[in-house]
Amino acid sequence: MSEINPRRGEISIKLGDTTYKGRVTLDAMMKIETSMQLGLVRIATRLSDGDMTLQEIGAVLTPVIRGGNNDVTEQEVMKLVWQSGMMEGMRIVGEIVGMALNPDNEK
């Protein structure tokens with residue numbers, strides 16, 4: 001995997017033994033909002049309340065992983081989340097939502 005550049009919205013996503021380069025893009029965020037029928041702030045609130053389903057975690061991760069030029073299905077991503085644990089999936093979703101809400105914030 002090539003170097004991750006957070007300024008380009010890139011993020012390293014490790015689920016179990018699999019690591020993907022993801023990309024937080026406007027298109028990915030719009031797909032996430034549409035599939036969840038929630039805005040990013042409401043998604044962040046649900047996440048902080050610990051109120052996310054496996055399907056919702058997959059709905060957030062899949063477009064971001066695909067944005068990093070990875071050919072994955074939502075079902076494959078959800079299976080990896082299940083194997084890695086939902087808490088790890090929620091942690092990664094938190095990073096993604098944080099990047100989307102604060103795009104100029106460096107780690």
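This is a predicted model: local features need pLDDT of at least 70, side-chain atom pairs count only at pLDDT 80 or more; totals for chains, interfaces and linings use all residues.
Let's start with α2, which spans residues 40-48 and has Leu-40, Ile-43, Arg-46 and Leu-47 buried. These residues share one side of the helix, because the arc they cover around the axis is only 120°. In general, an α-helix has 3.6 residues a turn, so residues three or four places apart point the same way.

Turn to the other side of α2 and you will find Val-41, Arg-42 and Ser-48 exposed. The cover over the buried residues of α2 includes α1 (26-36), α3 (54-67) and α5 (86-101). After α2 comes Gly-50, with a positive phi near 70°.

## Val-93 in helix α5

Next, have a look at Val-93, a residue of helix α5. Val-93 is buried, and its relative accessible area is 0%.

Setting aside neighbours within four places in sequence, the contacts of Val-93 are Leu-47, Met-52, Ile-57, Val-60 and Leu-61. As for Gln-55, which is 38 residues from Val-93 along the chain, the C-alpha atoms of the two are separated by 12 Å.

## Positive phi in two loops

Two loop residues are also worth a visit. Gln-37 sits in the loop between α1 and α2, and although Gln-37 is not a glycine, its phi is positive, about 55°. Gln-37 is exposed, with a relative accessible area of 72%.

Asn-69 belongs to the loop between α3 and α4 (74-84). Asn-69 is not a glycine, yet has a positive phi of about 65°. With a relative accessible area of 73%, Asn-69 is exposed.

Notes: Residues are numbered from 1 along each chain as its sequence is written. Side-chain values use heavy atoms; hydrogens and water are left out. Buried means under 20% relative accessible area, exposed over 50%, partly exposed in between (1.4 Å probe, protein chains only). Helices (H or I, at least four residues) and strands (E, at least two) are DSSP runs, numbered from the N terminus. The arc is that of the directions from the helix axis to the C-beta atoms. Contact means heavy atoms within 4.5 Å.
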